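Look over the sequence and the fold, then read on.

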Amino acid sequence: MRKSMLYCFLLFCTLVLPAARASAEEVVQLSLDDALQRAMERNRDLQLAVLEERKSSAQVREAWSGVLPQVSAGFDYTRNIKPTVIYFPDPAALSGGGASTAPLVPLQITQDNAMNASLTLSQPLIDLKAFAGIKASSIVRDISQEAYRNAVSSTMTTVSIAYYNVLIADAQYELVRQSLERWQKALEDTKAMFAEGMAADIDTLRAHLSVENIRPDLLKAQNNCSIVRTELKNLLDLAPSARLRLVDSLACDPASAVVPEFGPALAEALRSRPDIRQLELQVEAEQVNVSATRAQSYPAVSAVGQLTAQTQYED
């Protein structure tokens with residue numbers, strides 16, 4: 001029995017664990033468009049912005065409920081354990097002229113069961129506070145939409161910068177590695193020339209120092225590659241163990257890099273930037289809040305209609 005369990009454990013370690021490690025270290029190939037698409041689907045800031053936009057839209061619907069008709073219904077049931085009785089003088093005795101000595105006759109005014117059903121309809125006609133709330137909530141919704149646009153723009157910019165930072169770090173690492181290889185080749189050549197008596201000790205020492213001085217730069221470039229890759233993984237919600245392979249390059253067509261003039265570019269930024277539009281909407285929202293506060297001092301007019309049905313019966 002123990003041998004069978006040991007055999008199963010060894011088989012598990014041999015087959016399952018390497019497969020799990022291989023899947024954990026799966027290479028993820030990314031273009032810039034793929035990275036942007038993944039960020040739009042997985043980025044947490046965008047997800048929060050979407051939820052805020054939905055929340056503001058729900059608040060607009062909630063504000064409209066203040067001016068819509070309100071219908072309410074009610075039902076009451078009463079069970080009388082003892083009937084309610086009032087006492088009146090006997091009419092026969094009153095007709096005989098003996099009002100002061102007339103006996104009292106009980107009169108039952110309730111029955112065993114009583115039910116009351118009501119239906120009420122109310123419609124606000126004039127409510128300045130509700131109208132101001134609708135306008136304020138609509139502005140808040142617009143602010144949330146601009147916040148979402150700002151989050152999209154910021155995410156795309158951040159992901160693009162992080163993507164190119166990885167490409168730049170890889171290029172810098174490759175440049176330092178090639179420089180180290182050249183100095184190592186130069187050191188080998190200098191040692192060979194020194195063995196042939198064609199180079200001095202100082203030349204060999206200089207080449208050796210050049211090789212050793214560039215090794216920290218290579219380590220720094222390697223660490224920088226790891227750092228920028230981790231930043232890109234965090235933005236794309238990738239596993240820390242995932243291996244990235246970027247398929248785009250740093251090649252740029254100078255003819256496509258057109259720099260606009262300052263004046264039109266500034267005007268377009270002031271007109272289209274979502275953060276500036278957010279500030280404008282916030283100013284408008286504060287003005288609406290002032291109007292809503294003033295509207296609280298004005299009366300509200302509503303139309304109310306009610307339908308009531310009552311019944312009583314004995315068991």
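In which helix is Leu 128 found? Leu 128 is found in helix 5. This is a predicted model: local features need pLDDT of at least 70, side-chain atom pairs count only at pLDDT 80 or more, and totals for chains, interfaces and linings use all residues. Residues are numbered from 1 along each chain as its sequence is written, and side-chain values use heavy atoms, with hydrogens and water left out.

**Overall**
- The protein has eight helices and seven strands (DSSP runs numbered from the N terminus: helices are H or I with at least four residues, strands E with at least two).
- Of its 315 residues, 22% are buried (under 20% relative accessible area; exposed is over 50%, partly exposed in between, with a 1.4 Å probe and protein chains only).
- Contacts are heavy atoms within 4.5 Å. Among contacts with a separation of 6 or more, 83% join residues 24 or more positions apart.

**Nonpolar patch**
- Leu 125, Ile 126, Leu 128, Phe 131, Tyr 298 and Val 301 form a nonpolar patch on the surface.
- Strand 5 (113-126) and helix 5 (128-195) each give two or more residues to the nonpolar patch.
- Leu 128 counts as partly exposed because its relative accessibility is 39%.

**Ser 137**
- Ser 137 also lies in helix 5.
- Ser 137 counts as buried because its relative accessibility is 8%.
- Leaving aside neighbours within four places in sequence, Ser 137 is in contact with Gln 59, Val 60 and Ala 63.

Terms used: Patches are made of residues with over 30% relative accessible area and no salt bridge: like charges are joined within 9 Å, nonpolar side chains (Val, Leu, Ile, Met, Phe, Trp, Tyr) within 5 Å. Accessible areas come from the Shrake-Rupley method with a 1.4 Å probe; for residues, only the protein chains shown count as cover. A salt bridge is a side-chain nitrogen of Lys or Arg within 4 Å of a carboxyl oxygen of Asp or Glu.
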